[in-house]
Every structure is written in structure tokens, then in C-alpha cells.
6 protein chains.
Amino acid sequence: MPSVIYPGTFDPITFGHIDVIQRAARLFGHVIVAVAENSSKNSVFTHVERTEMARLALQSVAGVRVVGFNGLLVDFAAQHQAHTVIRGLRAVSDFEYEMQLAAINRRLDARIETVFMTPAENLNFLSSTLVREIARLGGDVSEFVPSNVVAALRAKFR
Amino acid sequence: MPSVIYPGTFDPITFGHIDVIQRAARLFGHVIVAVAENSSKNSVFTHVERTEMARLALQSVAGVRVVGFNGLLVDFAAQHQAHTVIRGLRAVSDFEYEMQLAAINRRLDARIETVFMTPAENLNFLSSTLVREIARLGGDVSEFVPSNVVAALRAKFR
Amino acid sequence: MPSVIYPGTFDPITFGHIDVIQRAARLFGHVIVAVAENSSKNSVFTHVERTEMARLALQSVAGVRVVGFNGLLVDFAAQHQAHTVIRGLRAVSDFEYEMQLAAINRRLDARIETVFMTPAENLNFLSSTLVREIARLGGDVSEFVPSNVVAALRAKFR
Amino acid sequence: MPSVIYPGTFDPITFGHIDVIQRAARLFGHVIVAVAENSSKNSVFTHVERTEMARLALQSVAGVRVVGFNGLLVDFAAQHQAHTVIRGLRAVSDFEYEMQLAAINRRLDARIETVFMTPAENLNFLSSTLVREIARLGGDVSEFVPSNVVAALRAKFR
Amino acid sequence: MPSVIYPGTFDPITFGHIDVIQRAARLFGHVIVAVAENSSKNSVFTHVERTEMARLALQSVAGVRVVGFNGLLVDFAAQHQAHTVIRGLRAVSDFEYEMQLAAINRRLDARIETVFMTPAENLNFLSSTLVREIARLGGDVSEFVPSNVVAALRAKFR
Amino acid sequence: MPSVIYPGTFDPITFGHIDVIQRAARLFGHVIVAVAENSSKNSVFTHVERTEMARLALQSVAGVRVVGFNGLLVDFAAQHQAHTVIRGLRAVSDFEYEMQLAAINRRLDARIETVFMTPAENLNFLSSTLVREIARLGGDVSEFVPSNVVAALRAKFR
């Protein structure tokens, strides 16, 4: 069975992302976590930092490979012969944007199939944006992100 | 790789359902289309009719088996050793109900994983309810459902 | 300029409907209010009652004609050479269903164009369902529907 | 401080309702749980059954009184001199209907203030409809409703 | 009864905010309006300006105190012994973000209870963003914000 | 019949915009495409570039005039004696913002009527944001925008 791709910015990776990745790995056997360079958004962490944080956080999850990429997702998918894209769904607002992305990716490459999974309920409210905001204000984020990310956020906002 | 289940009422099966089933079959190799008895809703077609219509409509799709069931989906899943449930997502209103169902099914059996797929864009507006309504009013539904369903609807609403 | 159609069940007509009709009449010059027979829904008022109530309520609005119809909206539109359909939008839940209807009507007849208008803000919360429920429980609905409808509701729920 | 009202059909009461009631009791000191007769909906349990189930389920929660009512909520509120209405919010679809209800209740009586609270996350997916459906199909609902309701559902669907 | 907190950026305070504050003051007796420093968003007005504008606008509303704060809301709440947070709800998009915030605040401090209220219907469309945009383009915002804010906006965009 | 206005940023104009403009021109006879200067958003193209791109893309559509504007839409409308505003609706998130805008424009000038139209289904997922993002990453956007815009995007992102 071919690999599936879980793309994102991961600024930073959270327990919500990790939960979806573990479910996808269980279901599909192998997941490529694709960390987008995403130069148009102002990320707090650099592309290298985001990729390394995800790699460290996922090193013990079997069947997962973390890869940085820039350019179009459909080109990355073609290059890795992996045409199934996994996306996590939490809220209605996610949902609409995801539907748009899925439609446009199918347009750009008809082989691309987007499959949506949901994190555990108690992770449903989590987002990288909220985690960054709490960390920036000095709050404790150890319930929301792995310990290497806790440390990285602390270093960033000191 | 184990089978996945695509449950529904299929009152009647539409090209939107069939599109999702084909995508799931391509992705997972084998799909059990599970036609729910659903005695609480007033369906236009009987359980036997809905199951037979789906079977006929899907007979040429490789890797698909159509099975009627009553009782809980989680029991059906356990019995078939198939813990992945496929659901189609079209609209925001679908989405919320599906999130509830996915959460409660996980509660009833933690092994259940719900995976969402989207039909082709031009089928996004389709629903069994709209198809029944058009057929009831004498409209042409041959663009929306397979020919055996067209005939069944014509017979039902004569 | 050709007529536009404002279809609905009008069970019963409310000040929300009337506001949209007045805006449409101002914009397009002439509006055909098309009262659907809608035999699949259990309406509180009969088709004749709903049509008559709408007619009475709108008799002083210039450029408006009230017509009962059964069958498909696209057939009604073709018959009246009126391919523009007006629909009121209040809530997100309305919106999705309306998008589905607009898409399927375009499929059934490519000439059909659906145009959405919004009632005045203070009528945004109104619905025939809520009005019927309040009237059924003996509440005063004179702020929500015209006087002939107030009387009809009182007679119905006595 | 005056009482607040938590109205509903409670067909049957779930741990989601009870969680909101406990939060409201903590916040406002006293809550009147108002079980609507709601003759227009087809409830599974009778008005008396629903009221008694709620009473039993809430007997150990301090500051809560369960009262059956029919008629308009605004009349019930006036009669109990309790103009604050509590409603639970879970999903977007809830939200819109609740906004409509809150707006119309303010129209019917300007003193009415609707205040929304949310249940604990892990109860967010719960609804009386889903509980009834699972019980009807023979599933275990003891995680979702109190033991007296489990027994009542079992008796009803035997 | 303990105070409740109404937090926000108030860039600038509008009649929509003031309406919710007045309702909350009526219901809970005392409201702390907490103006967030919010250094991550680019606000048009400084923290001091936003706090002063809110103070002036609310000086005649009984039971209201305006306080600037930075840091986490849960820390502010603990410091003021005020564990009830009031938030206004207008649209579905508000709603989802608010549900996330309420969930994460409960996680950070289990005592925090978020309670949602709705402004009067005719203020439902108002937002600080729209007000700033209109003022920036030279439009008249005197129907949307108090006179001291009208003056501040005029000074800012001259 | 008076002109209608189709306002937007058009950064850049897409086939989704053009589809709505063509439908509006067919329905209302004449459409003023009003390209907003929109100095608060960071647009990729300048106001002049956006206006020129739209003009070139629409030069063969009968009944369409492209005009740049700054200031309030209601002032532009008054100046052109065109009080009907056309807006395209795709998604729920569009919808809510559009309802806010329509409400506030009615407040600023009671003559303004906003009318919503929907693009063809296969253009429903399109947005200027997605087009810019794909072009920035070197993707082929010729299915989504006219050839003059393809060339302009290529020049911009070289």
C-alpha cells in the first residue's frame, strides 16, 4: 500500500496533529509528514525549526517520516508517488477551507484524493495559533504540545 | 488490509454515493456498503428494495460488497472485523452531524475510526432527499441516479 | 424586463417574506409569488388557504401576483417564461440548503438563475415554523404576520 | 438573585444536560429545569415521564427544581419571575436556532435574557436523539444518561 | 455574588460591546471590562487609548469597571477572583473560535466558566473591524460607536 | 433599468468573478465592476494593475464597465445612481461576512440593496487567495484565471 501525506505548517506541532498522525499511521501503515515552507505566512518558527521539532516529536511513532518541502503539494505528492492526502478536521471553519483545498488539488492533479480524519475529542479545540498565543503570554502549554516543543516555545518567547 | 465500511440508508443510492464508494474502493481495496434498516426514519423504499438497488447499481464496481444490516454500526463493524468507517462530506450541516456520529461511535467502540471523503464537485449538491423530491414531482433524475434507480423511482411515484 | 419568481410554502406568509417580496418588486418590477403545493411536508394550512392568505396579505403591493403551483419549480418557471428565482437568506443553515437547490435547479434547466436577498435585520429571526409554534401555544403573533394571517392562525389553533 | 430557567424537552435528559444544569446552579445559585410538553414534536417519552426522569436524575443537585410546563416560555418565565433563560450550545446548527429563539423571546417579552453555556468537551457530541437511537438499537447508553434513564429506555424499547 | 469579566481588545469599543456589557451588568450586578494588551495583533489604537476610550464610554453604566491587562486571561481571572467570563456571540464564525477559547481556558483553569450573551438584533452586524474600515474611508460611524470614539477615530484617520 | 455594482478587490480577477459578472450582466443588463483601492489589505497587485487586469479580462463581456474606486461603497453607489450591489456567494464563511456588510451598507444608506448570486459549481472552490498561492509556488493557474492574469501572475512571482 502506498504512503499517505499529512501536510501542514506545524508552527509548532501539537498533540492534536500527533493524534491524527498516529491514527493515519495505524490505518495506512506509513505516513509522510510534509512540513510546508509556506513563505507567505509569517511563522514563528523557521522552516528548519518546524521540521526538526516535528521530527523529534514523532521519532517514536512507527511508520512516520518527516520531510520538509516547498512548492506545490501536488508536485510533492507526484515526486513521492503518494496521492492520498490526510487532513485533520476540527471545526466548521476548517471544513470549508479544506473542501476548497481538496477541490483545487484535485483540479491540479486528478489523482490526488483528500481524506479527512478527526482527532480525539479532548484535542478538538487545539490549534497551533492558540498554543503560540498562550506560550507568548507565559502560560503552561505542556498539556498541548510535546516536551521538545514546550522548550522551543519557552526559548522563542524569552 | 482490512475492509472498510460505508454505511447509509441509501433511499435511494445516488451518483454521489457511488462516486465516494469508487474512491474508497480505489484507496482501501475493499468496501462493504452497509445498508441500514433504519426503522425510525420513514424511508420511501423498503430495506430490501434499498439493498437490492445498491447491489445492482454497484455490481460492476470491483471490490465492493453490499450488505443489509440492522442494529448498531459498531456491532456490525465488530462482526465484520472492519473498524474503519467511510463517510461522505458535502456540506457544513453534514459535517456537524458526522462529527457527532464519529465521536459517539468511538465512545461505543474505541477501535472505530471514521474517515471522511468528498465526492466530485459536480455531485456535491446531490442528496437522496432532493432526488426523491424531484422524482415525486415527475422530474427527470437520470443525471443523478443509475438507471435501475430511475426505474424504481418511476414505479414508486406512479 | 421579465418577471421573477419567489417560490415557497408560505405556511403561513410572514412579514419576513413580505419584506423580501417588496424589495424584489422594487428591484425587478414584477414578482410572481409561487405557493408550492408541497404534498410531502405536513403543512398546517391547505394549499388553497396558504395561497389565499398570501394573496390577501400582498394585495396592496404593486407588481406582485400570487399563484399556486404543484410540480417542479423549473417547469413552473418555463411555463411563465420567468427564469430568475428569488430566495430569502437568513441563516447559515438556510444558505446551504439554498445552494443545493440552486445547483440542482440549474442542472434541471440551465436557464434558471437563483438570486438571494436578505430581509431587514429585525425580521432576520422570523420563520413560519416559529410563528406556527407561538400561535399554537396561544402567543401573540401580530408583530410577525399580517392581520389576516393572525386571524387564520387563531381560527386554526382554537 | 432571581432564579434562572433551563427549558427543554429532555426526551430523555442526558449527562450533557446535567452538566450544563450543574454549571448554571453553581453560577446562579438556583435553576428551574422547565420540561416542555411540546405537543408538536413526537417525543418517545410522555411529558410526565420526561419530567419524572429529569426530577430523579437531578434530585441530588443542590439548587435545582424540575417543573413541567406547557404554553409559551415567556409566560412561564413571567409566572416564575425568572427572566434569564439558560441554553446549552454544542454545535453550529444548535447555535443558529438558538439565536432565532433568543431573538423571538426578546420580542415577545423584552425582559427575557438568554445566556448560553457549554457542556464539558467530552459531552459535546451528546444529544437526546443519538441516545434514543442507540437505545432503540440495543446499544449501551450508560455512559451517556443516568441509571434511571438507562432503565426507562430499556423498558421503552423492549 | 462575584464579579464577571468581559475581556476584549476593544479596538475600539462599539455599541455592540456596550449593549452586552449593560446586559451582563443587569444580570450579574458587576462587570470587569478587561482590555487586553494583545501585542500580537496590530491594533489601530494603543492599549492605553483603547482602555481610556472604553472607560469614558462606560462611565455612566452602573456596576462596570474598566481595567487594562496583559498576560493570560486565566491569570487575570484568578487575580480578580472572578471566574466567570462573558463573551458576546454574533455569528457562526465567532461561535467556533469562542468554543475553542472557552475549552482552552477551562483546560488552563478548571474554575473558568464562559457564558455567552447576544447583543440586540440591530447591533448583531457590528464589529470593530467594520467600524475602523468605515472610519478610515471617511464614513460616519456615529450610529455604531459613542461620541468619544467617533472623535478618536476622526483624529486617528485624519 | 439602473446599473448594478459588483465591488471587489480583484487581486486578481478569476473565472469565478467573471462567471458572476456574466450572470449579473444577463440579468440586469448593465454591471459596473468596482475595483476597490482597499489600502488596508496588502494586495499583491496595485490598484491600477488590478483595475487594468479586470478591464482586459472583461472587455468582451457586453454591458460591463470596470471602474476603480476608493472611499465608501455607499458613496460610490450614490455617485453612480446605482443602488443595487451584487455579491458572489460560495461558502458559509463568505456568507456571514457578506450578511454583515449588507446590513452595514443598508445602515449607511437605506437605498442600498445587496443581491447575492452564485458562480457555476465547478468554480465554487476558487478564490483569489488560492490562485495567488498556487502562482507563487509556480503552479499552473490557466484553468482559474484569464490569460492576461496568468501572464501578470507569472511576471509578479518571477
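**Interface between chain A and chain B**

A salt bridge of 3.0 Å (N to O) joins the side chains of B:Arg23 and A:Glu113 in this predicted model. Salt bridges across the interface of chain A and chain B number 2, and 7 residue pairs, both at pLDDT 80 or more, are in polar contact across it. On the side of chain A that touches chain B, helix H1 (15-28), helix H4 (92-108) and strand E5 (113-117) each contribute at least two residues. The largest share of that side is supplied by H4(A), with 7 residues. Sorted by class, the side of chain A that touches chain B comprises 14 nonpolar, 4 polar and 8 charged residues.

The area buried between chain A and chain B is about 2,100 Å², of which 62% lies on carbon and sulfur atoms. Within chain A, the residues that lose the most area to chain B are A:Leu27, A:Phe95 and A:Arg106, which together account for 24% of what that side buries. The contact involves 26 residues from chain A and 26 residues from chain B.

The arrangement of the two chains was examined next. Chain A is superposed on chain B by a rotation of 180° with 0.0 Å of shift along its axis, at an RMSD of 0.0 Å. This is therefore the relation of a two-fold axis. Both copies use the same surface, as 100% of the contact residues of chain A recur in chain B. Among the residues of chain A, A:Phe116 comes closest to the rotation axis, its C-alpha being at 2.4 Å.

Terms used
Residues are numbered from 1 along each chain as its sequence is written. Chains are lettered from A and ligands numbered from 1 in the order in which they are written. This is a predicted model: local features need pLDDT of at least 70, side-chain atom pairs count only at pLDDT 80 or more; totals for chains, interfaces and linings use all residues. Side-chain values use heavy atoms; hydrogens and water are left out. Copies are superposed by least squares on the C-alpha atoms of residues with pLDDT of at least 70 in both. Contact means heavy atoms within 4.5 Å. Buried area is the accessible area (1.4 Å probe) that two parts lose on being put together, summed over both. A salt bridge is a side-chain nitrogen of Lys or Arg within 4 Å of a carboxyl oxygen of Asp or Glu. A polar contact is a pair of N or O atoms within 3.5 Å; within protein, one must be able to donate a hydrogen and the other to accept it, and residues adjacent in sequence count only if both atoms are side-chain atoms. Helices (H or I, at least four residues) and strands (E, at least two) are DSSP runs, numbered from the N terminus. Ala, Val, Leu, Ile, Met, Phe, Trp, Tyr, Cys and Pro count as nonpolar, Asp, Glu, Lys and Arg as charged, and the others, Gly among them, as polar.
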